Amino acid sequence: MVEHSASDNAAVSAGGGEAPDRSDRQRKSERQQSNDRSAWNWLLVPAIVIPLLVPLYNRVEPTLFGWPFFYWGQLAFIALGVATTSVVYQKTKTRKDPDTDRLGRGSVEREVR
Amino acid sequence: MEGIKTTELVIFILFFLFVTGLGFYAARWRRPTDLLHLDEWGLGGRKFGSWVTWFLVGGDLYTAYTFVAVPALMFGAGAGGFFAVPYTIILYPIFFLILIRLWSVSHVRGYVTPADFVRARWDSPTLALLVAITGIVATMPYIALQLIGIEAVLKTMGVKGEIPIVVAFIILALYTYSSGLRAPALIAFVKDTLIYLTIIVAIIVIPSKLGGWDVIFGAAEEKFGSGAGILLPATGQLQYATLALGSALALFLYPHSITGVLASKNRDVIKRNMSALPAYSLALGLLALLGYMAIAAGTTPVDGDGNTIVPALMDQMFPDWFAGIAFAAIGIGALVPAAIMSIAAANLFTRNIYKEYIRKDASSRQEAKVAKVASLVVKLGALLVIIFIDPQFSIDLQLIGGVIILQTLPALAIGLFTHWFHRWALIAGWAAGMGIGMLMLYNISKIDPATGEVVREHFGGSAFALSKLGFDTPTTIYTGFVAILVNLLVTVIATFILRAMKQPEGTDTTRLEDYFADEDDPRVHDVPDPLEDAPAVKPGGSSG
């Protein structure tokens with residue numbers, strides 16, 4: 001109960017008094033849409049396309065620790081996938097830490113920002 | 001292989017009992033006020049954070065069957081089996097771009113299943129029914145395959161016959177019934193810990209015992225030397241790429257992967273997971289190479305069953321006590337996805353068949369009750385598949401499953417981005433893709449790579465020879481890929497025709513901003529939170 005009202009107060013102060021919820025919601029929705037249309041998302045395309053270009057990696061040389069390129073090269077694409085999704089996540093996320101509770105401190109910080 | 005391996009079996013059973021306890025305990029974990037609501041039983045309360053989601057989705061997508069079959073494929077067919085690596089790499093950027101929208105619209109509108117979305121988006125209960133049936137039919141053999149994973153482990157320990165599997169499955173069915181999605185979420189922690197432990201040990205111990213990676217790849221080179229060696233033949237490259245792409249597209253259409261994603265609490269949890277889940281792909285890539293290690297070690301499958309190659313290798317290389325742990329990893333690895341799949345299929349039945357056609361006024365309590373019973377029926381069905389049908393046939397069914405689930409791509413995945421298609425055109429495209437896919441699979445025969453003889457006339461694989469379509473080339477292509485292209489083509493053409501005939505379009509009840517909504521958006525559908533006495537929707541926010 002206490003936490004709930006605290007969060008409400010934060011929303012009120014962030015919205016600047018009048019009809020705080022509506023403007024707050026609109027702003028949030030717009031922010032979301034711009035995140036979804038962010039140019040950063042294009043970074044994900046090479047992570048989908050490159051692992052499918054078989055002629056690129058269907059070779060033995062260069063070997064690494066006795067592994068033909070076909071095998072270690074494809075495992076290296078995992079790093080590519082991790083790197084691109086991490087960057088896009090960092091650039092398009094809406095909260096500092098997704099695991100804070102909706103009514104918890106993280107959400108208050110977010111409202112104030 | 002006559003006697004039962006006592007040490008291994010005892011450790012296996014201890015772990016099994018432990019996760020059984022966890023499964024029943026899960027009903028009390030993050031305890032809701034009322035488990036008898038489909039959001040609670042079927043989606044774990046829609047509140048899972050980053051860690052739980054990572055374990056749950058990882059435990060869901062990387063099944064025991066993957067861990068058993070991919071190395072077996074490498075052992076039997078060489079480089080082609082490695083497609084699992086690009087497949088599970090490209091999966092996550094695709095998830096990132098597409099499933100995030102499905103999460104948002106499902107949360108705003110309270111959808112539990114992918115077919116719920118299809119129904120609202122296209123205003124067509126018939127299309128939703130087709131999507132639901134496709135999902136259930138594709139999932140059943142997938143559950144059956146999990147049983148094959150357990151069977152392979154039991155066989156290696158010298159336990160024969162069907163009774164142990166039946167017992168294991170009844171126990172699984174009971175705790176899934178009582179705890180819902182919370183059970184596999186909790187057990188997934190144990191499963192993944194054991195899997196990672198096993199892989200790390202395997203990747204250190206086995207190569208050093210065999211004399212290094214050079215020896216392992218050398219042995220594989222020798223075995224597959226007559227063809228392209230340990231690389232792909234020129235004719236198999238298109239198949240490799242299209243199989244990886246088709247499998248990735250199919251995987252996120254499967255009801256169970258959507259269930260795992262819908263259970264997470266907000267968009268950022270999903271996005272963050274898309275960069276953390278590839279850790280499993282690394283594990284899978286390393287596991288795949290166990291197939292080559294088995295070649296170098298001269299391992300022979302138990303009873304000529306190719307699926308036992310990994311357990312047999314572990315039995316050969318590890319001390320008994322650790323082999324027991326490794327077998328428990330595979331066995332528990334089968335339980336987690338089997339539970340999630342049966343829940344996902346049960347959700348589909350309840351929402352899109354029972355509530356739609358049998359009892360329109362079903363309350364949320366009734367929905368949850370029906371879903372619980374449906375999950376039992378689905379598992380019983382999978383069990384019967386295993387007992388009465390040749391295991392090889394369930395692998396074929398799984399192959400078909402991937403091809404048919406792909407046919408829901410236009411209505412579901414593309415539908416998240418555009419409403420351009422006509423609803424009846426989607427049905428026509430689905431039917432065309434289904435028909436072509438089946439016809440092609442029927443015409444693929446299985447050929448023994450060693451002798452060149454035809455082992456089976458029909459449903460022998462997913463690699464379709466382009467020469468059969470009149471192209472002058474020995475290249476093969478993934479059947480599902482061709483089927484979805486046909487599906488899309490028919491959908492587009494039929495849309496133009498239906499629009500010209502001015503057929504009714506139906507009303508899309510979703511709205512553009514639904515696809516961007518997040519957890520703290522006041523419009524988000526929220527289940528009653530036991531921590532709050534006030535309504536979840538703030539005053540003034542309910543009108544939107």
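A residue is buried if 20 or more other C-beta atoms lie within 10 Å of its own, exposed if 12 or fewer, and partly exposed in between. In this predicted model, B:D123 has 16 C-beta neighbours inside 10 Å and therefore counts as partly exposed. B:D123 belongs to the loop between α6 (114-122) and α7 (125-156) of chain B, and its phi is positive, at about 55°, although it is not a glycine.

## Other backbone features

Most residues other than glycine have a negative phi, and most peptide bonds are trans. Because 7 other C-beta atoms lie within 10 Å of B:K502, it is exposed.

In chain A, the peptide bond that runs from A:E61 to A:P62 is cis, with omega near -5°, and A:P62 sits in the loop between α4 (54-57) and α5 of that chain.

## Helix contact between the chains

Helix α5 (residues 69-92) of chain A packs with helix α5 (residues 84-109) of chain B at an angle of about 10°, their axes being 9 Å apart, which means that α5(A) is roughly parallel to α5(B). On the chain A side the contact includes A:F77, A:I78, A:G81 and A:V88, and on the chain B side it includes B:V85, B:I89, B:Y92 and B:F96. By class, the contact of α5(A) with α5(B) has ten nonpolar, four polar and no charged residues.

The C-alpha atom of A:V88 is separated by 11 Å from that of A:V45, which is 43 residues away along the chain. A:V45 is found in helix α3 (residues 44-49) of chain A and counts as exposed, because it has 12 C-beta neighbours inside 10 Å.

## Helix contact within chain B

Helix α15 (residues 290-297) and helix α16 (residues 309-317) of chain B pack at an angle of about 55°, with their axes 10 Å apart, so α15(B) is oblique to α16(B). The crossing of α15(B) past α16(B) is left-handed. Among the residues that meet are B:L290, B:M293 and B:A297 in α15(B), and B:I309, B:L313 and B:M317 in α16(B); the contact comprises eight nonpolar, two polar and no charged residues.

## Confidence

The model scores ipTM 0.76 and pTM 0.82. Chain B averages a pLDDT of 82, and 92% of its residues score at least 70, whereas pLDDT stays under 50 over residues 527-544 of chain B, a stretch for which the model has 26 contacts beyond four places in sequence. Where pLDDT is low, the predicted coordinates should not be read in detail.

Terms used
Residues are numbered from 1 along each chain as its sequence is written. Chains are lettered from A and ligands numbered from 1 in the order in which they are written. This is a predicted model: local features need pLDDT of at least 70, side-chain atom pairs count only at pLDDT 80 or more; totals for chains, interfaces and linings use all residues. pLDDT is the predictor's confidence in each residue, from 0 to 100. Two residues are in contact if their C-beta atoms, placed from the backbone, lie within 7 Å. Axes are lines fitted to C-alpha atoms, for helices over the stretch in contact, and angles run from 0 to 180 degrees between N-to-C directions. Helices (H or I, at least four residues) and strands (E, at least two) are DSSP runs, numbered from the N terminus. Angles under 35 degrees count as roughly parallel, over 145 as roughly antiparallel, 65 to 115 as roughly perpendicular and the rest as oblique. A crossing is left-handed if the near helix is turned anticlockwise from the far one by less than a right angle, and right-handed if clockwise. Ala, Val, Leu, Ile, Met, Phe, Trp, Tyr, Cys and Pro count as nonpolar, Asp, Glu, Lys and Arg as charged, and the others, Gly among them, as polar.
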